[in-house]
Amino acid sequence: MTARIGVVTFPGSLDDRDTRRAIRLAGAEPVALWHKDKDLKQVDAVVLPGGFSYGDYLRAGAISRFSPVMETVVEQAKAGLPVLGICNGFQVLTEAHLLPGAMLGNNHLHFICRDQKLRVENASTAWTGDYRAGQEILIPLKNMDGRYVADDYTLDKLEAEGRVAFRYLDFNPNGSLRDIAGITNEAGNVVGLMPHPEHAVEPLIGTGRTDGLPFFTSILKKLVNA
Amino acid sequence: MARVVVDVMLKPEILDPQGQAVQRALPRLGFEGISDVRQGKRFELEVDGPVDEAALARIHDLAESFLANTVIEDFIVKVEEPADVVEAAK
């Protein structure tokens, strides 16, 4: 039996279907999860997809954090369940305090949509094992609230512990401190990033490359070998 | 019924591009001498029943856990005087 990976749909999620497709292309079984359900349907991992959950009113990700499904996700993530937050999902993870820091409006105040070069800084998380540390990848980025901030103490700690998982290369698209594009928790099971690997899994669409696919093959291998 | 106001502001050390955009527009509108603008959020909560210490403590918790993200924002909770009291004081 292959791994079951849940994808949560909040009101306002946009990329849940693309994420389920990416999971299927990687060879795992995608499972749709609904924000009102506390039950995670026995999945082996969870992805919080991109979009604008609850319209991003108040702050991006702030209202989703209190949804029934997140109560279970937070509890199980602390017990080791692999969780990936992409874009809005990353915002939800910071609001839920599963990842440190916070996401703010882009420093230029514009929505941005571009193919973004990243460097994989940490290839030992649950979601990055199929990359090499130092590898440069190109995946789409699209966001309004992508500016990662944290205090100096937290940033130094993240750097010292190798928890900056991805960094923007060549161009910082939103004013994120220290060019941070993605981070991981201490255990390496929770990862959040702003750019969208699920939009770069087939050569015909997005960047024309499949640089995002290793996210989903990484977790599959980890779960199958576990 | 009473009104409790929660004002939320980005912490001073956090860049506020919205406030900066507003500040830069001021000279074009003929307003000189404003060296900085920061933009915040104001929540007006209509509270059923008396705003006693217990009610205020609950609103403080609400502000701290939900209305403000204390990683990036500061907040102030205050009870607003009813309109007729403000009128009478004038």
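**Confidence**

The model is predicted. It scores ipTM 0.87 and pTM 0.93. Chain B has a mean pLDDT of 91. In that chain, 90% of residues reach 70 or more.

**Helix α1 of chain A**

Helix α1 of chain A spans residues 16-26. Its buried residues are Asp16(A), Thr19(A), Ala22(A), Ile23(A) and Ala26(A). These residues lie on the same side of α1(A), because they cover an arc of only 120° around the axis. The other side of α1(A) carries Arg17(A) and Arg24(A), which are exposed.

What do the buried residues of α1(A) pack against? Their partners are β1 (4-9), β2 (29-34), β3 and α5 (213-225), which belong to chain A. After α1(A) comes Gly27(A). The phi of Gly27(A) is positive, near 105°.

**Salt bridges**

Side chains of opposite charge can pair when their charged atoms come close. Over all chains, the whole structure holds 25 salt bridges. The table gives three of them.

| Pair | N to O distance | Placement |
|---|---|---|
| Glu29(A) and Arg4(A) | 3.4 Å | strands β2 and β1 of chain A, 25 residues apart |
| Asp152(A) and Arg178(A) | 3.9 Å | helix α4 and the β9 to β10 loop of chain A, 26 residues apart |
| Glu46(B) and Arg3(B) | 2.7 Å | strands β2 and β1 of chain B, 43 residues apart |

Take the Glu29(A) and Arg4(A) salt bridge first. This pair links distant parts of the chain. Glu29(A) is partly exposed, at 34% relative accessibility. Its strand, β2 of chain A, is among the elements that the buried residues of α1(A) pack against. So is β1 of chain A, the strand that holds Arg4(A).

Next comes the salt bridge of Asp152(A) with Arg178(A). Asp152(A) sits in helix α4, residues 152-160 of chain A. Arg178(A) sits in the loop between β9 (164-168) and β10 (180-184). How accessible is Asp152(A), buried or exposed? Asp152(A) has a relative accessible area of 55%, so it is exposed. Arg178(A) counts as partly exposed, at 32%.

Asp152(A) and Arg178(A) also belong to a network of salt bridges.

In chain B, Glu46(B) forms a salt bridge with Arg3(B). Glu46(B) lies in strand β2, residues 41-47, and Arg3(B) in strand β1, residues 2-10. Again the pair links distant parts of the chain. Glu46(B) has 42% relative accessibility and counts as partly exposed. Arg3(B), at 29%, is partly exposed as well.

Most residues other than glycine have a negative phi. Asp56(A) has a relative accessible area of 13%, so it is buried.

His97(A) also has a positive phi, near 65°. This residue lies in the loop between α3 (88-95) and β5 (102-104) of chain A. Is His97(A) buried or exposed? His97(A) is at 51% relative accessibility, so it counts as exposed. The cut-off for exposed is over 50%.

Methods:
Residues numbered from 1 in each chain as written. Chains lettered and ligands numbered in written order. Predicted model: local features only at pLDDT ≥ 70, side-chain atom pairs only at ≥ 80, totals over all residues. Heavy atoms only, no water. Buried < 20%, exposed > 50% of the residue type's maximum accessible area, 1.4 Å probe, protein only. Helix = DSSP H or I, 4+ residues; strand = E, 2+ residues; numbered from the N terminus. pLDDT = per-residue confidence, 0-100. Arc of directions from axis to C-beta. Contact = heavy atoms within 4.5 Å. Salt bridge = Lys/Arg side-chain N within 4 Å of Asp/Glu carboxyl O.
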